[in-house]
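Have a look at it first, then read on.

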Amino acid sequence: MGTAFTIQRSTRTSRVTAIVALLLVAVLFAAPWWAGRANVRLLGEILSFVALASLWNLLAGYAGLASVGQQAYVGFGGYALFALAMFLGVHPLVAIAAAGLVGALVAIPIAPLLFRLQGAYFAIGTWVLAEVFRLSFAQVAALGGGSGTSLPVGIVAGIAADRALREMLLYWSALAIAVAAVAFVVLLLRSRAGLALTAIRDSEIASESLGIDIWRTKLLVYVSVAGLTSMTGAFIFLQKLRISPDAAFSVNDWTAYVIFIAVIGGIGTIEGPVVGTILFFLLRETLADLGTTYLILLGAVAIFVMLRAPKGLWGLVVQHTGITLVPVRRRVVFPKNS
Amino acid sequence: MDWVNAIVQGVLLGGLYALFAAGLSLIFGVMRLVNIAHGDMIVAAAYLAMVVVQATGLHPLASAVLAVPLMALFGYAMQRLLLNPTIGKDLLSPLLVTFGISIILQNGLLAGFTADSRRLAAGGIETASVEVLPGLSLGVLPVMVFAASVLIIFALELVFYRTPLGRAFRATSDDQEIAQLMMIDRRHVFGMAMALSSAIVAIAGIFLAIRTNFDPSSGPARLLFGFEAVIIGGLGNLWGTLAGGIVLGVAQAIGAQISPGWQILAGHLVFFLVLAIRPRGLFPRMD
């Protein structure tokens, strides 16, 4: 006897979330009108970390590609933007998108090489890659070599006529990058490739026997994350207006903080990196004066969370309330009276 | 002669890299764990040796008497308290915990010893050299480091294949569950593996402190060199790791001969080259 059923993904909370998210994006879009200049700048920075953390989470939490070398692409994106703007005269905002494309292209030959390293060794391999990028860019005299370079005033002025408009455009590009990154993660996880990723995470052998091409799925994720990370990096260094190899490929700034964010927020959840970023900036704005003690504290909190609540803060929320704001899973729903 | 000299110095430098790598290789072999804090532990051991020398007036090489057991104890405690709870669950948890330990060690050293770069004076050993051929002289310290790394790898092989502890290591490495059934306490075996790894780390740290300048941020580079030596040499083969260290050292020496900016980069590029042509390393033993 066949029972009628339907497949559902959205829930009431998820529909509410979608509306709230749209409202939030609208409010954030209007930030230049309700927040001061310094706060808009800070918001831009926060949004760039939302993007970085969501992308790292997709890589490590969903695709099993634990990278500690994403600073390779942050720095590469930054340098690509400087090179495109300085040598080819590309408009900086266009160069952000172009840097993303170049970053993805560079990742295509790199991925097969790194994929030869198994498991945890992959992580350190990504770090070596970032070092190769850092040392290579330090050799490029036209980009300032080891001491780095600043974006020429003419190029900065070319973004927009006056300073206020310039800062608004920059902020909106950060918002666009963050929304694009989060949307990309959600859409990818809901697609066929997302289903494949979940299957691979649960059992590589079983998913391979079902005909999933593990290697191609991982390549797709690695390359697209590299592209979006490069875009984020391009924005970050356009906002800073200055780039140097040590800042561009800093493991602390672009990987340690990002991992901390994903860990406390909740690895393997969509909401985790967003929650984690908010928490991270609250901590930073209150405790950063402590200097090294602050960093020791971050390390200790991350270890504590990994040991006691490996699903992070958002994992705890889900466990206790059963809420999922952004569902990626499908549920089978039977009619009530059957 | 410049080139011959560079290659010989590179081979000797490879001995130090093999020392960095041996502990890393050991714990990966036993528990499939990659310790991201490995390099920072080497640097911490260098500071520990410095403190021991300052406090007791011992010769830097003799500081091993205290530094080795202290580091081993630290390693054992770290494994039992922080790493054992994460082993076996997934790949990410142990990796991220060691990443956290790395950040704590780096910043702890920074808070305790400032960012100034340090060096241990060892009464002239570090500058002494012997001329073996006209125009080619060998530093006494690099030769000692190389000999130490050969000895340590030899001793590790003995421990692995000739002692009950080594049998427990190999059994746990082959099949954790069956090893448990044979009354092997996995938690203790892992602790002992980390203790042994940390003891080697202590020796590497002492040699590092005498041989070059070090500061709290020099750990990650040591981790990467050790890791590259392991991969170039081939997983699970300790003599291969020594060969990997030598390949890396020679690559760096040749790079430095071309231009100072190319020293480290040349090593990294050779690592990727080996990965491209021989993904399992030059002398693989483990699957």
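The largest nonpolar core has 202 residues. A nonpolar core here is a set of buried Ala, Val, Leu, Ile, Met, Phe, Trp, Tyr and Cys residues joined through C-beta atoms within 7 Å. Buried means that 20 or more other C-beta atoms lie within 10 Å of a residue's own, with C-beta atoms placed from the backbone; 12 or fewer makes it exposed, and anything in between is partly exposed. The residues with the most contacts inside this core are A:Leu81, B:Ala45, B:Ala46, B:Ala49, B:Ile203 and B:Ile206. Helix α8 of chain B (residues 186-211) gives the most to this core, with 17 residues.

Keep in mind that this is a predicted model: local features need pLDDT of at least 70, side-chain atom pairs count only at pLDDT 80 or more, and totals for chains, interfaces and linings use all residues. As for labels, residues are numbered from 1 along each chain as its sequence is written, while chains are lettered from A and ligands numbered from 1 in the order in which they are written.

Which residues does B:Ala45 touch, leaving aside its neighbours within four places in sequence? They are B:Ala67, B:Met71, B:Val201, B:Ala202, B:Gly205 and B:Ile206. Two residues are in contact if their C-beta atoms, placed from the backbone, lie within 7 Å.

Now for the chains themselves. Helices (H or I, at least four residues) and strands (E, at least two) are DSSP runs, numbered from the N terminus.

Read along the sequence, chain B goes α-α-α-α-β-β-α-α-α-α-α-α-α. Its radius of gyration is 19 Å, close to the 19 Å that the globule rule gives for 287 residues, so chain B is as compact as a globular protein of that length. That radius is taken over C-alpha atoms, and the rule is 2.2 Å times the number of residues to the power 0.38. Of the 287 residues of chain B, 53% count as buried; in chain A, buried residues make up 42% of the 338.

Finally, the two chains meet: 36 residues from chain A and 35 residues from chain B take part in the contact. On the chain A side, the elements giving two or more residues are α6 (119-137), α13 (251-265) and α15 (292-308).
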